[in-house]
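Colleague: I have not looked at this one before. Can you take me through it?
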Amino acid sequence: MSGGKNMNRTKKRAVVLLVMLSMVLVPTMAGRFLAPNDPYQTNLSQALKGPSAVYPFGTDNLGRCILSRILEGAAASIFSALAVVAVVFTIGTLIGLTAGYAGGWIDQVLMKVTMVFQAFPSFILAVAVAGMLGPGLRNAMISLAVMYWTTYARLARSLVIQLKEEAYIKAAKMCGAKGRHIIFRHILPNMISPMMITAALDISNVTLSMAGLSFLGLGVQAPLAEWGLMISDGRPYLQTAPWCIFFPSLALFAVVVLFNLTGDCLRDAIDARGEGRADA
Amino acid sequence: MLEVKNITVAYGSDTVVKDVSFAVKPGEVIGIVGESGSGKSTVLKSILGLLDSRGKVLGGEILLNGENLLGFTSGRMRQIRGKEIAMVFQHPELSLDPVWPVGRSFYESIRVHREITKKEAAVQGRKLLEALELGEPDKILSSYPFELSGGMCQRAAIAIAMANRPGILLADEPTSALDVTVQKQVIETMMQMRKEFSASILIVSHNIGVIAKMADFVGVMRRGQMVEWGTKEEVLYSPEHDYTKALIRAVPKMGGELPAAAEEVGHG
């Protein structure tokens, strides 16, 4: 009974979070149309003005509307993170699946390569790759992918190795199933939920790393709008015009927290199902 | 139709099956009894060519309709598995994929061997479950393994194993994980299968009661060797080998006087 109650609470939480997430995501997706001002229109006479009716979040050092720039920058901050997670999820899963299922020397080679990537502190590796490739949104995404894929490869591998020993996989083999059939119809569907949880929790990490790269000047370049870059640009005015740094940080904070809570919620939902299965 | 001739199997340097031979003829039920670790399951795995990675058949022949399965390529072996020789396992709810309803498992196990539409598979599944009198076939087909009881799961697994109409059904301790009342139903389902499709059954168990109910011929295995072989009557009612006698004595009897029985075991 208590399991059912927990499940209901999880469901309620999921609904609340999804509503909040859509409240953040929908406006940012439609950012361009909702922006009260042109995010790239500079107006030095209006520079560093506090929040007002015309500029709800104030203006930056070049007199650009901060709210408009936050909305405009959401695409770079959030959707690039989603794209990076999708890419590392796919690549990492494929590599882990190959290593785990094939075993032997293929596994050895792939896992040694993964270890080499993991040997570096991850953000330093991303900074190094981004520095090597040169600044820009696309290169920042590549460097984040280089930083994040190893988690998925290792997780996928361990899940495959665990699943390979399950009775139903052996049963499928004894039933004459081919390797391909076993991988795509048995193993992949059974490993997808833990992988999804990791991916959901990683969205916020990648968003933060992306902002971090931009903050360091390795990601999105001025004058394009991006939250990390806006925070970086606002630093000199922290004492005189704190809104320059406050609102982009708030946006970043809200999105990261929301994605994180949603990931947690997803994990609870899937874990609860797992418990139910063990009980039955 | 299936003949195991003098096979010897080893895991690494441990020989776990020594020079075991027996034959399974059409429509017969063969039971192999023996304690855990006597090599009975290893024999079944060798027949399907799916020993664990360190296991190896060192000698002998496994003939299916006169052809030696040990010489088959892995591709050809795959066509045998499930199609000619199917298998059911000790833990039914673990041997069915947890993310598939029973109907999907049924469909997939047919599809491994031939093209079939989902609809057609569902029709066949329903027919098979009806023939086995398993109650509400549609409900079973749409249930996930964890929604079914262990006994129902095992009977569904038997139906799935028979989906491709194999000539031989291997059963590895099919009742050992179930409680006694359910064991009976599972045994009945298997016997019904044999009648319905005239399949042979090779059942391996440490439970003499199950073997006594089902088998026509019985083999007794101990430490990798077949110590006794014969018809059920010969082996179970007039055993020759001491080990068989001890094994039969160890079966608890209904209504037997417990202290006396305990004394007998103590002396024997």
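What follows is a chat about the confidence, the interface, the sheets and a few helices.

Modeller: Keep in mind that this is a predicted model. The predictor gives the complex an ipTM of 0.76 and a pTM of 0.78.

Colleague: What is the average pLDDT of chain B?

Modeller: The average for chain B is 87, and 94% of the residues score at least 70. Residues 260-268 of chain B have a pLDDT below 50. Beyond near neighbours in sequence, that stretch has 4 contacts in the model.

Colleague: What does UniProt place on chain B?

Modeller: An unreviewed UniProt entry places the feature "domain: ABC transporter" at residues 2-248 of chain B. In the model this span is 40% helix and 27% strand, and its end C-alpha atoms lie 28 Å apart.

Colleague: Now the interface. How many residues of chain B are in contact with chain A?

Modeller: There are 23 residues of chain B in contact with 17 residues of chain A. On chain B, at least two residues each come from helix 2 (74-80), strand 6 (85-88), helix 3 (92-95) and helix 4 (102-111). By class, that side of chain B has 11 nonpolar, 6 polar and 6 charged residues.

Colleague: Helix 4 of chain B, then: mostly covered or mostly open?

Modeller: Helix 4 of chain B is mostly covered, with 9 of its 10 residues buried. Among the buried ones are Val102(B), Arg104(B), Phe106(B), Glu108(B) and Ile110(B).

Colleague: What covers the buried residues of that helix?

Modeller: The cover includes helix 8 (179-215) of chain A. From chain B, helix 5 (118-131), helix 6 (137-141) and helix 7 are part of it too.

Colleague: Over to the sheets. What is the strand order in the one with 6 strands?

Modeller: That open sheet of chain B has the order 6-7-8-3-9-10, with mixed pairing. Strand 6 and strand 10 (225-231) of chain B are the edge strands, each pairing on one side only. From one strand to the next, the twist averages 15°.

Colleague: Which helices pack on it?

Modeller: Helix 7 (residues 150-161) of chain B is one of them, touching strand 6 and strand 7 (168-172) of chain B. The direction of helix 7 makes about 170° with that of strand 6 of chain B. Helix 11 (residues 242-249) of chain B also packs on the sheet, touching strand 3, strand 9 and strand 10 of chain B. The direction of helix 11 makes about 100° with that of strand 9 of chain B.

Colleague: Strand 9 of chain B keeps coming up. How many of its residues are buried?

Modeller: In strand 9 of chain B, 6 of its 6 residues are buried. Phe217(B), Gly219(B) and Met221(B) point one way, while Val218(B), Val220(B) and Arg222(B) point the other way. In general, side chains of a regular strand alternate between the two faces of the sheet.

Colleague: And how does strand 9 of chain B pair with strand 3?

Modeller: Strand 3 (residues 29-33) and strand 9 (residues 217-222) of chain B pair in the parallel sense over 4 bridges. Gly31(B) stands opposite Val218(B), and Val33(B) opposite Val220(B).

Colleague: What about strand 9 and strand 10 of chain B, parallel or antiparallel?

Modeller: Those two run antiparallel and are joined by 6 bridges. Phe217(B) has Thr231(B) as its bridge partner in strand 10 of chain B. The hairpin of these strands has 2 residues between them, and Arg223(B) takes a positive phi near 45° there.

Colleague: What is the order in the sheet with 4 strands?

Modeller: That one is an open, antiparallel sheet of chain B, in the order 2-1-4-5. Strand 2 (14-24) and strand 5 (67-68) of chain B stand at the edges with a single partner strand each, so one side of each is left without a neighbour in the sheet. Strand 4 (residues 55-64) of chain B is joined to strand 5 of chain B by 2 bridges, and Leu63(B) stands opposite Asn68(B).

Colleague: Which helix lies across strand 1, strand 2 and strand 4 of chain B?

Modeller: That is helix 1 (residues 40-48) of chain B, running at about 110° to strand 1 (2-11) of chain B.

Colleague: Last topic, chain A. Where is Arg13(A)?

Modeller: Arg13(A) is in helix 1 (residues 2-29) of chain A. Arg13(A) counts as partly exposed because it has 16 C-beta neighbours inside 10 Å. Arg13(A) and Leu261(A) are 248 residues apart in sequence, yet their C-alpha atoms are 9.2 Å apart in space.

Notes:
Residues are numbered from 1 along each chain as its sequence is written. Chains are lettered from A and ligands numbered from 1 in the order in which they are written. This is a predicted model: local features need pLDDT of at least 70, side-chain atom pairs count only at pLDDT 80 or more; totals for chains, interfaces and linings use all residues. Two residues are in contact if their C-beta atoms, placed from the backbone, lie within 7 Å. Ala, Val, Leu, Ile, Met, Phe, Trp, Tyr, Cys and Pro count as nonpolar, Asp, Glu, Lys and Arg as charged, and the others, Gly among them, as polar. pLDDT is the predictor's confidence in each residue, from 0 to 100. UniProt positions are given in the numbering used here, feature names are shortened, and annotations may be inferred rather than shown by experiment. Two strands pair if DSSP finds at least two bridges between them. Axes are lines fitted to C-alpha atoms, for helices over the stretch in contact, and angles run from 0 to 180 degrees between N-to-C directions. A residue is buried if 20 or more other C-beta atoms lie within 10 Å of its own, exposed if 12 or fewer, and partly exposed in between; C-beta atoms are placed from the backbone.
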